[in-house]
Amino acid sequence: MSPSYETLLLERRGRVAIVTINRPDKRNALNIKTREEGAALLEQLRADDAVGVVVFTGAGDKAFVAGADIAEFAGRTAMMQRDVMAARSLFTAIDTFPKPIIAMINGYCLGGGCELALACDIRIASENASFGQPEINLGIIPGGGGTQRLTRLVGEGRAMELILTGDIIDAKTAFAIGLVNYVVPADQLEAKTMEVANRIAEKGPIALRLAKEAVKLASRSNLDEGLRREVDLFALCFSTEDKDEGVKAFLEKRKPAFKGK
Ligand code: COA
């Protein structure tokens, strides 16, 4: 039996697992429990061959995630905070997850919420979503990858402005600067997300995993190293049954049936 979680909901739709952060009264703010449960749930989904794609979202229609749980910051020392970040980081668990992860963003996507979305592979937002790194207003800075991942995604000038001002931007602006892949009306958010998720979930799991690994190398290595590793990962695909099936299906003018082998 699957373990149950206090702060998360899990729903399976075909090969897509939808993880809902379920603290709507607190605008789905990330407390220690949510982070621990999120990392544990991802470990469970990592090992589950029936899951091809994961979608992260927030409960209710107000927030995706409104950041770290600020109430937990009160009275916390530097060393305590360091331990919290080091122990089972949800952001690292997302970043190193071998299957595609989509953030379905339905409201406030702030601070640690924006960092959670940034750790995902694709971001799809409703028109009423808003984005920001408002940590500066609390006398702190982003600590869940915001200074690094936001900068890589939207460039130093945009990231610097968002992080230094703490300003909140709307979904259209987030789209314009490349922070999200799509903006859709709120009533179409789920359908659009599922359409993208299902399209990806049909592909070969090993090729997806290697493609994700290769793309992530682009911002973590120099060009020569990245190109070398890409060739290795590309060649590795030739050891799979899925590659034989994909090529055969193309030549036979039919849809491939990938097995993840
Ligand atoms: N941490 C802890 N609690 C939070 C929270 C957070 N990041 N964001 C919202 N909440 C709580 C509020 O304290 C309030 O709790 P209460 O009902 O017990 O008083 C509840 O969620 C609803 O928040 P409220 O501010 O009344 O909702 P709103 O819709 O008017 O505003 C926000 C929503 C997100 C704009 C506002 O809550 C906010 O600015 N949150 C903090 C955002 C932030 O700075 N994030 C970065 C943290 S590092």
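Which are the buried residues of helix α11 (residues 241-251)? Before we look, note that this is a predicted model, where local features need pLDDT of at least 70 and side-chain atom pairs count only at pLDDT 80 or more, while totals for chains, interfaces and linings use all residues. Residues are numbered from 1 along each chain as its sequence is written, and side-chain values use heavy atoms, with hydrogens and water left out.

View 1. Asp242, Glu245 and Ala249 are the buried ones here; buried means under 20% relative accessible area, exposed over 50%, and partly exposed in between (1.4 Å probe, protein chains only). Look down the axis of α11 and its buried residues fall within an arc of 60°, so they line one face of the helix. That arc is taken from the directions from the helix axis to the C-beta atoms. Why does that spacing work? An α-helix has 3.6 residues a turn, so residues three or four places apart point the same way. On the face turned away from the buried side of α11 sit the exposed residues Phe250 and Leu251. The cover over the buried residues of α11 includes α9 (205-217), with contact meaning heavy atoms within 4.5 Å. Helices (H or I, at least four residues) and strands (E, at least two) are DSSP runs, numbered from the N terminus. Just after α11, Lys253 takes a positive phi of about 55°.

**View 2. Asn28, tucked into a loop.** You'll find Asn28 in the loop between β2 (16-21) and α1 (32-46). With 0% relative accessibility, Asn28 counts as buried. Leaving out residues up to four places away in sequence, Asn28 touches several others, including Ile21, Gly58, Ala63 and Val65. Ala59 is 31 residues from Asn28 along the chain, yet their C-alpha atoms are separated by 7.0 Å. A polar atom of the Asn28 side chain also lies 3.1 Å from the backbone oxygen of Phe64.

View 3. For Arg27, a polar side-chain atom lies 3.2 Å from an oxygen atom of the ligand. The protein covers 60% of the 860 Å² of accessible area that the ligand has on its own (Shrake-Rupley method, 1.4 Å probe).

Terms used. Polar contact = N/O pair within 3.5 Å; in protein donor to acceptor, adjacent residues only side chain to side chain.
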